[in-house]
Every structure is written in C-alpha cells, then in structure tokens.
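Subject: Structure handover

Hello,

Here is the structure we talked about. Please open it alongside this message.

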Amino acid sequence: MAGRVSTTDAVWSEQDTTPNAIEAALRRLVADCHGTTAHCVPARTLNLVCVVDREWSGEIANRLRGVGRYHASRTVVCAVEPRRTTIDAQATISVQGDPRPGEFAAMRELVIVHVGERHLRDLDTIVDALVVSDLRTAVWSPHGHPEAVDALTTGRAGGAPLAQVVLTDAAAEPEAEDALEREGELAERSEVVDLAWLRCTPWRERLASAYDPPARRPELHTLSKVSVRYRHDSLVSGLLLVGWLCSRLGWRPDQLTRHGELLRGRARARRGEVELRLEPVTNGMTVPGLAGVETRSDLGTLLALERGEGGLTARRREPAKRRGEDVFEHVWTVLGASRGEPGILGEGIRHALLVDRTFKPALAAARRLLG
Amino acid sequence: MTTTATGQTTGAEDNPLIEGLERLPVHPTVLVIFGATGDLARRKLLPALYNLAHEGALPERFGLVGTARSEMTDDEYRDMAIESVREFSRRPPDEKVLRKLFGDVRYVSGAFDDDDIYRSLGQVLGELDETAGLALNHCFYLSTAPMFFPMIVECLGRHDLADREDAEARVIIEKPFGRSLDEARELNARVLSVFDEQQVYRIDHYLGKETVQNVMALRFANNMFEPLWNRNYIDHVQITAAEDIGIGSRAGYYDSAGALRDLVQNHMLQLLSLLCMEPPVAFESDAVRDEKVKVLRAISAPHEAEVPGMAVRAQYVSGIEAGIEVPGYREEPGIPPDSRTETFAALRLEVHNWRWAGVPMYLRTGKRLARKVTEIAVTLKPVPHVAFQAPEMSTGVRPNVLVLTVQPNEGVSLSIGAKIPGTRMAIRTVNMEFLYGTAFLSESPEAYERLIIDAMRGDATLFTRNDEVEAQWRVCDPILKAWERMPGELASYPAGSQGPQEAARLLTGTTRWRAV
C-alpha cells in the first residue's frame, strides 16, 4: 500500500449531542460509505478508547497516526475539558488506500467526544454506545484521569467491564513506585499492556536466545550478576526486565537500595545470591528504554547486550578452558530494526489482542524490588 | 529426550526464558543458498531474510552463504543481495539492518557438480563456526533448477556436510519435486540416502500463506462447521486457482510442466488435503501430515480409460484480457508453435473414505482466465423441503455455499437465504462476508519468511513429507500419462474467459462451475 493515500473521508459532527445520536450517526456513516463504494468494508478488530486532555489531543492524534501497521478499527477519543458540561462529538470514517477492482479497503472509524471532567467517573455510560459490541476494548489514558480508567474497567452493578485491556506507559509516570502499584491494581481486574514492558521485549528475546542452546541452558542457574542500564526515564523497563528474570528463574528479589543514581540489591536463587544493578545512562539516548544488559555467571562467563547499529551488539566472554589459553570473547550484531516510539505504541495496540502470562509475575517481582 | 522450541532434540532442561515470547529462539544457523543469484533468491529469499532480520526474528547468530555458477566476490554478492532487497522487499529496508545483514555474507562460486565448491563451502562453514564460537546449524536451500537437486544432495553427503555431531544440518528443497511419480520416488530415494526425512524440508510455498493455514483454523477452531463437514451435508467442493496473467518470463519452465504439474499436483492437492483431513491430535508436523496423507491415499489413482471422464485440459488462444487483446499460448515468446502443454486443467476427484464418499471434489486451474482468484467453495446440499411453495417465493432458495478465499481478498463468505424486505415472503441469497484484512489490521508476512524460519527452527509442519509428495504424484501421474498418449488437438479457451466449455462435462447433476 506504500504510496497510496486516504481516498475517502466521511464526517459527521454535532454539538450538545448524546451517545445514542453519535452511535446512530456512526451506523449511518458506515452504511453510506459501504453503499457508495462496496469495496470499503468496516474493520472489526479492536476498540481503543483514549482519554486525553483536550489541549494535548493533537499530539495524541499524531502518535496514533504514526503507529503503522497496527491500529484499532474504531478509536474513541474522549477529549477532556475541565469545565465542560455538554458533549460535542465528531465522527470520521476514512478509507486508507485506493483499491483496484476486486480488492477491498478497510474503514477506520474515529470518534472524538468532547467531555468534561464531571463526565469521567461515569465515562462508561457514554462510551458504551460508541464501541463495537463483542470486540475487545482497550483504554489508554496517557494524561492520567484514573477515574475514567476505573469507570471503564470496573463493571457497573457487578456486570462485565466495558474495557478488558488497559494500555499504560509506566515510563511516562513521574514515580516508578506509583506507576507499578497502579499497574498491579489494574492487573487484578484487566489485562495490562505496558509500553515500558514492550520496550524490553527485544532484550528478553535476546536473553532467551543467548541461553537457548542446550549446552548453555544450565548456565542460567549459575548467573551471579545482572546489570541493566536504562535511559533516565525508563527505570520501569529495567525493573520489569529484572523482575522478569526473577520470575522466570525462580529468584526471590530483595528491595533494591539507592546509591546515588545506582540501584543495587540481591535476589536469592537456589544456588546462591544474584547481584542486581540498575543504572541510568548519562549519554544522550534519543528514545526511552534500555541501553544495555549484562549478565555474569559463577562460571566466569559474561554476556553483554548493547544498543548498536542495525540491532543489538552482543558480546560473550568465556574464561580460558586451560591454563595459558586466551579468554574467549566474541562480538556480534543481533539484527533488528528499531521500532521507534510510534512502533512501540503500535505494538501496544497489537498486544491488546493478545494475552501475556509472563507480565504479571514480572510486575510482581519488579514491585518487590522497590519494596 | 525432548524437542525444544528450536527444534533441537536434547535431554537438557527446558529454557524457562522462552515462556510467553512471541518469537521463539532459533538455534544459530548458517543458511546456504544454492542458486543464490537466481530469480527466486533475488525476488523472494533475500527479501524474506531481510524482513526476518528487520523484525528481529533471525537466529541470534546468523550467517548467509550464497552459492551459484556465476563468478562473483563476496562484495559483489553483497551488493547484489542489497539491491535485491531494495527492489523486492515488502517494506522499505532500514539501511543499517540491511548492511549488517549482508555485512559478512560469503559467496562460493562454481558448478554444482564440482567437488571444489563443496570443499570451499566446508571451509567457509568451518570459519563461520569458529567466528561464532559454537557449532551453527546448517540449512542448505536448493533454489536451483530441479535437475541439480539430487546432485547437490549427494555432493553434500560425500563432503560430510549432511550431518553434524553437535548441531543440525537440514536441506530445503524447492518445487517441483519430480516431474512424475517415478522421478519423485527416485529423488526421494536419493535425498533420503543422504539425509534423514527429519532433515528434509520440501517447500510448497502455498502452505506458508496465512490464508492457507487459516483453512485449518476455520475447521478446527470453530465448532459450527464440523457437524456439517461430511457427505451428509456437503454436496460438492470446487477448488479454483485461476490466474489472469499468462506465463510471463517462465516459458521454458511452464512449457515443460503445464498446469497440472505447476499447480494441481502440489498446491491444489494441498488445499484439498487441508479441507478434507481429519482433525489432527495436535498441531505438530507429523500429526498434521499423517492426516493429510490419509486424504491423498483415499483418492483413487485413475485408470487411463477413466481419465477423459475425470480430467479436462485445454490451452488458451488469443482473446481480450481487461480490454486488451492478448496473444494465445502458442504465440507467447519462447513457446513452440505446436506446443501441447495444457494451460488449463480441471479434475473431478473423490475421496473414498467414511467422511467424503460420494462427494465430488472439483479442481480447476488455468492461466489467462477472467480474473485472479484462489478459492475453495463448499456447496451444501439443498434443504430437504422448501416450505415456500409459490415459485416467486422459492426461487431464491439455494444451497448454502461456504467460500474460503485464499487470494486476492482473503476471507470467508457464507451464502444464506434471507427474506426480501416487503409484504411477501420472497427469498433471496445474501452473503455473510468475513475478510481477514478487516479483522486483523496487519500486513501478513510473506510465505517464504514463515517457511525459512520454520525450517531453521526445525518445524516441518508446513513442509511436504516424502510420502505426501508421492501420494500427490500417485493421483496426477496417470492423468499426465494418459494425456501424453491422447491424440488430437487440445481443447482451447479464449484468453480472458471462464475456461474451456469442455470442463463442464466433469460436473455431475445440476452443478455448474462457479464464475471465475
């Protein structure tokens, strides 16, 4: 589809409107769009409800436009204005691409609802009519508004909640402790997809790969030290990565202690203790996330992964097998393109359709690291 | 002993870090492409490798070695590979990843029957092991003309490249796997004299297509179809693989193959197997392939005298395609003017087992048909009693048809009877449509990406097993032999049409071919 542009836009708007009026308008727009061009068909994948401050809604719209391959089929943006008492809405149906005869193009549905802060506690009663029934619904509230998230993820009168998935970015929160505590609370009732967790996915994959050859698997139980370096705002990614190792390898982590910028602590493994270090990098990393991960084992082996050109630069060192022999050291590139921040958000949207059973145990371990 | 996610058989403990990962680790691997400068390598394999690298799906340590006749240095091959990706990749390449991917590429030139290239190859592979500091798996991809397959395999064996003590050696073989049952058997015998079956990955790229795999998902992940999926409810099945294009630049290959070998023997019989197989015990390579083979074995190989009644072949003549006059097959560049190669083939097959006895399975494929479509249409039996007796009410009552479209619009459509709005009870057929593209808003990976990574991982589920290939040939071979002996002119059809009228004679009862 490269080079093709949006060819169809159908728009409806109304001031001082109601959810039912918006829903009726959406139905008409979909039918009109399909009726005019039969090759335009409604997509039915995921509802994404975004709760944003109105003044920053343009920035959020830009982020959503940049997600690339993965996007929700219906996006409901609730733009919050402090003193608003009525609801205004605009619905747009756009068709990406310029299908040739015999091809089809999927519609994307965007509803922008202007609401007041007073609406947030009961936001589910507004959004309910606007999401496509029986589809998974994710909520993303990048500017806070926890009451809105609670309204959407807590079933009214014991009923099923409107949203099953909460998209979060713990790295965007000022305090890691608060962010992880809130995620723990949300994870009790919803699936949580944390962008900070997704930023460490390539690192988890690489660590899993590095120890996958059968001869190397026993080395996992001899690990004695794990060091993680992260961009100043991405402590949570580091904590989740260490938490993941703890949960997967059966380590019991103690609370980390702070030594200046360095966080240091231990986890108890079956064979002994594992030293844990988390440290922010001082060089100018342009994107949030991890800068490097290093593991050492009792056997004297070292594995270091660093951000590099075209992927991660990996370094493995093994002690000399016999006296007089050199230490064995290899450096190579583990290939992979950077997904960039828009790509991470796209991954978050895609993960809203999946279930990741390893996140909750990693989150629990990460919370123990912070006491 | 267990088989790991990486396809390694080991007694070692599991890797606890792989739980929950979408991309499972693949053992460090070197991919050796024979025919590394050919069309398939340039258009499909190298771009597929790039896309795997882009997504971080390649093994942690990955090496690429190209082998072909053309004299070329490593650097020249690198440039060619980079250009191929830029030209044919499904996504614009990230230059850093692209350069890193091919940064250490190696190239070995020579004739495939020359022992020197295998000696050089052995040396290069040894160097790559040494650089990596561990024994890398070796995957040999035979992307050459089929006549080289047995020769290359035997040379690999002779030069001790076919098995490794502390890693795996695998061979990936492109289609066509033989031109007849005898050739397929001989090729299997020669390949299996060097490699074990577990090391052999016979490519049928159709199986790498997401929508073909979705045939299994539709059948085995949905309870609503299974009760109907048998002779009691299904009237007949039509599998169509129609192309609107001609033979393009493949004249040499196509004229020696024809439609039956090109599409029916492999892809279409795969679709038929997937449609008719019993549910496998698990989605594992042998469990799935066992069930597919049972379907193929339940299809009787026709006697020569039966062939005219169950198979039709034809050749396109000039006609109008999309408003433009196009030449007939014999007027295409590179095609002999007296060619008797079929560009259209249609078959009526029956699967003689408890589930499918008596249900006709119609298969048809052709070049230069009205439109490009690959689909499986399952027509259910009519309702036993039509309650809407008046003709104006009942004319719309038609058997339900479930259509699984593989390309171009991947999806599922079910035709059902519905009341036309109004004061009278009049029925009309309407379609319930489901398009994969609207339910999973993402770009599917190319079939070759999936297949290459599966082969490197050691998962043979989407590859054709030796007995499967032979079972496919057992069905097609007698038809080809009968056609070779059949005198007279071939039936013809105008380019851009629905195919030859003769195809209608295969149909039983009131059945009609679906419109292409």
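Below is what was found, starting with the interface and moving on to single sites.

Please keep in mind that this is a predicted model.

**Interface between chains A and B**

The contact draws 49 residues from chain A and 48 residues from chain B. Interface size is often quoted as the accessible area lost when the parts come together. Here the buried area is about 4,100 Å², and carbon and sulfur atoms give 58% of that.

Which helices of chain B each supply at least two residues of the side that touches chain A? They are H1 (39-54), H3 (95-103), H4 (115-132) and H12 (436-439). H3(B) gives the largest share, 4 residues. By type, the side of chain B that touches chain A divides into 18 nonpolar, 15 polar and 15 charged residues.

**Aromatic pairs**

Over all chains, the search finds 13 aromatic pairs. Phe34(B) and Phe112(B) make one that is edge-to-face, with 5.8 Å centre to centre and 65° between the planes. Phe34(B) sits in strand E3 (residues 29-34) of chain B, and Phe112(B) sits in the loop between strand E5 (106-109) and H4 of chain B, so the pair ties together parts that are 78 residues apart in sequence.

**Thr464(B)**

This residue lies in the loop between helix H13 (447-457) and helix H14 (466-485) of chain B. Thr464(B) has 4% relative accessibility, under the 20% cut-off, so it counts as buried. Its side chain makes a polar contact of 3.3 Å with the side chain of Gln270(B). Leaving out residues up to four places away in sequence, Thr464(B) touches several residues of chain B, including Arg202(B), Asp204(B), Leu207(B) and Arg289(B).

**Backbone points to check**

Most residues other than glycine have a negative phi, and most peptide bonds are trans. The following sites depart from that.

- Lys175(B) and Pro176(B) are joined by a cis peptide bond, with omega about 0°. Pro176(B) is in the loop between strand E7 (169-173) and helix H6 (181-192) of chain B.
- Gln407(B) and Pro408(B) are also joined by a cis peptide bond, with omega about 5°. Pro408(B) is in the loop between strand E16 (401-407) and strand E17 (411-419) of chain B.
- His145(A) is not a glycine, yet has a positive phi of about 50°. His145(A) is buried, with a relative accessible area of 12%.
- Asp160(B) has a positive phi near 55°. Asp160(B) is in the loop between helix H5 (149-158) and E7 of chain B, and counts as exposed at 65% relative accessibility.

**Gly144(A)**

Gly144(A) is found in the loop between strand E7 (136-140) and helix H4 (146-153) of chain A. His145(A) is in the loop between E7 and H4 of chain A too. Gly144(A) is partly exposed, with a relative accessible area of 31%.

Best wishes

Technical notes:
Residues are numbered from 1 along each chain as its sequence is written. Chains are lettered from A and ligands numbered from 1 in the order in which they are written. This is a predicted model: local features need pLDDT of at least 70, side-chain atom pairs count only at pLDDT 80 or more; totals for chains, interfaces and linings use all residues. Side-chain values use heavy atoms; hydrogens and water are left out. Contact means heavy atoms within 4.5 Å. Buried area is the accessible area (1.4 Å probe) that two parts lose on being put together, summed over both. Ala, Val, Leu, Ile, Met, Phe, Trp, Tyr, Cys and Pro count as nonpolar, Asp, Glu, Lys and Arg as charged, and the others, Gly among them, as polar. Buried means under 20% relative accessible area, exposed over 50%, partly exposed in between (1.4 Å probe, protein chains only). A polar contact is a pair of N or O atoms within 3.5 Å; within protein, one must be able to donate a hydrogen and the other to accept it, and residues adjacent in sequence count only if both atoms are side-chain atoms. Rings of Phe, Tyr and Trp (its six-membered ring) pair if their centres lie within 6.5 Å; planes under 30 degrees apart count as stacked, over 60 as edge-to-face and the rest as tilted.
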